[in-house]
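Please look through the sequence and the model below before reading on, and keep the model in view while you follow the text.

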Amino acid sequence: MSRSIALLICLMGGLTMLVSPFLPMATGWANDVTDWFNILAAMAFVLGGGSLLKVQLMRLSARGPGWGYSALTLLAFIVTLWVGLGKVGVVADPSAPTVAWSGKPDDEGSAFWWIYLYVMTPITSTLFAVLAFYVASAAFRAFRAKNVEATLLLATAFVILLGRTFAGVVLTGWLPDWASGLRLENLAVTIMDVFNTAGNRAIIIGIALGVASTGIRLMLGLDRSYLGGDA
Amino acid sequence: MVLGADAGFMNPEKMLLCVVLAATCACILASMVAARAGRVPKIRRITGLEAVEEAVGRATEMGRPILFVPGIQDMDNPMTVAGITVLSRVAGTAARYDATLDVPVSRSLVMQAARESVQAAALQTGQPDWYDPERIRYITDEQFGYAAYAAGAMARDKPAACFYMGCFFAESLILAENGNAIGAIQIAGTAETAQLPFFVASCDYTLIGEEFFAASAYLSGAPDQLGTLRGQDIVKALIALVLVFGVVMATTDAFSPEPASEPTAEVAP
């Protein structure tokens, strides 16, 4: 019974989203469906937070390797939750200056804003910066000229790399105007605009059709794996 | 909802798109009905999905866990739904081999869906005790926080097989390179075109775009689901024909001589 209700909700939600771009009257319905999903996701966050707390508390009580990290995670979780819910350091909104809690929790100057700006942002930026090294190591492996295809890939990568830097202009800037298409910066543009775009569009068309097909399978209840299958 | 008095029943600007979408859906549905009637299409082997058994078997032999990452988006993203479908297959195989499966997730709803899916797979393989909900746990919604956890889990637990199936952004390479560094067999699947090159460079097998969405039909083997894939291919062939026609027309137009301009009448002074 519950599975049938879930499938019915999926069908109704899917149909609403499907027709909303074409029927002006359905635009509001699609927004309602999106709002319901957001409410559901926000409610489910309690489950996620509960799971996080449970796992970390279990690690802490077992005193296994790395239990200190669990303690730190719990501390950060509780402090951020308290700071956010309690609106610590939030200045009252000018529209309601007498109500102390009228400001937003992430307003400039609040404790939540401070944590985000001086703790979260530097940490995530650091991790993002590490990507440069991962790109280098992946490129080193991918561009080994082991066969014809890999050699072509390597050559193309070199053209793009040089063409997108000043080195390309220095190396091939001497070519006359009638051969300007062979200048590295122009070759790089041609490769990106013609070959890369063509390949990308082919993949995107396939993806669009795949999404349509998956949507039909889900709405008709043919694919129920996201509900735990037929069990 | 407020409906303006001048709002028509249909949006005329999107009429053509509506017709194309309706034709696509009709083609997919017709192929599905044909497959149900017995005309089941033959599907080529998708090596990335065939390798699931090999990867899980390897992890079992080595006595090391399997890591499954279902992307960083919520259940409203079709890639996440496709990832959960593959998870169900991986979980079934892992339950049969009694291998350890870890599924860290970055969305609470995905955690619930993954738990349902893994539990059902364990029941279907006759191993209900194998299912441990604590192995499917929520980490954080934060993109790089999640990536840091997954990279750390790889360094600590050294999983023998890593699956990345879902929607990924910049964290894709962090995950795939860490998995590569520990020597895990890696299978990825995504429809994020910007992340595909990273997975291809770092993983052993990659499900590219539509292959990833075809996974559920491929794995189920159900005729009506396989039929939808044929419908997809028919529409793709039609799109290719339209593209070729457009290219021919544009090329012809580019090489055709300019039409003579109308002589302008002389204006008497």
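How many helices and how many strands make up the secondary structure of chain A? In this predicted model, chain A has seven helices and zero strands, and reading along its sequence therefore gives the pattern α-α-α-α-α-α-α. The secondary structure of chain B, by contrast, comes to nine helices and six strands.

We can turn next to the overall dimensions of each chain. A compact globule of 231 residues would have a radius of gyration near 17 Å, whereas the value for chain A is 27 Å, and its C-alpha atoms fill a box of roughly 70 × 50 × 50 Å along the principal axes.

In chain A, 15% of the 231 residues count as buried, and of the contacts between residues at least 6 apart in sequence, 25% join residues at least 24 apart. In chain B, buried residues make up 49% of the 269 residues, and 73% of the contacts with a separation of 6 or more are between residues 24 or more positions apart.

Where the two chains touch, the contact takes 62 residues from chain B and 50 residues from chain A. On the side of chain B that touches chain A, the element that gives the most is helix α4 (residues 108-124) of chain B, with 11 residues. The residues of that side of chain B divide into 34 nonpolar, 18 polar and 10 charged.

Helix α2 (residues 47-62) of chain B packs against helix α3 (residues 78-97) of chain B at an angle of about 40 degrees, and their axes are 10 Å apart. Because of that angle, α2(B) counts as oblique to α3(B), and the crossing of α2(B) and α3(B) is right-handed. The residues that meet are B:Val52, B:Glu53, B:Val56, B:Gly57 and B:Thr60 in α2(B), and B:Arg89, B:Val90, B:Thr93, B:Ala94 and B:Tyr97 in α3(B). The residues of this contact divide into five nonpolar, three polar and two charged.

Some individual loop residues also deserve a look. Most residues other than glycine have a negative phi. A:Arg63, however, has a positive phi of about 50 degrees although it is not a glycine, and its place is in the loop between α2 (27-62) and α3 (67-85) of chain A. Is A:Arg63 buried or exposed? A:Arg63 counts as exposed, because it has 9 C-beta neighbours inside 10 Å.

B:Lys158 lies in the loop between α5 (143-157) and β4 (161-165) of chain B, and with 14 other C-beta atoms within 10 Å it is partly exposed.

Finally, B:Gly221 lies in the loop between α8 (210-220) and α9 (223-255) of chain B. B:Gly221 has 10 other C-beta atoms within 10 Å, and so it is exposed. Although B:Gly221 and B:Ile43 are 178 residues apart in sequence, they are 9.5 Å apart in space, C-alpha to C-alpha.

Conventions:
Residues numbered from 1 in each chain as written. Chains lettered and ligands numbered in written order. Predicted model: local features only at pLDDT ≥ 70, side-chain atom pairs only at ≥ 80, totals over all residues. Contact = placed C-beta atoms within 7 Å. Helix = DSSP H or I, 4+ residues; strand = E, 2+ residues; numbered from the N terminus. Nonpolar A, V, L, I, M, F, W, Y, C, P; charged D, E, K, R; others polar. Rg over C-alpha atoms; globule rule 2.2 N^0.38 Å. Buried ≥ 20, exposed ≤ 12 C-beta atoms within 10 Å, placed from the backbone. Axes fitted to C-alpha atoms, helices over the stretch in contact; angles between N-to-C directions. Parallel < 35°, antiparallel > 145°, perpendicular 65-115°, else oblique. Left-handed = near helix turned anticlockwise from the far one by under 90°.
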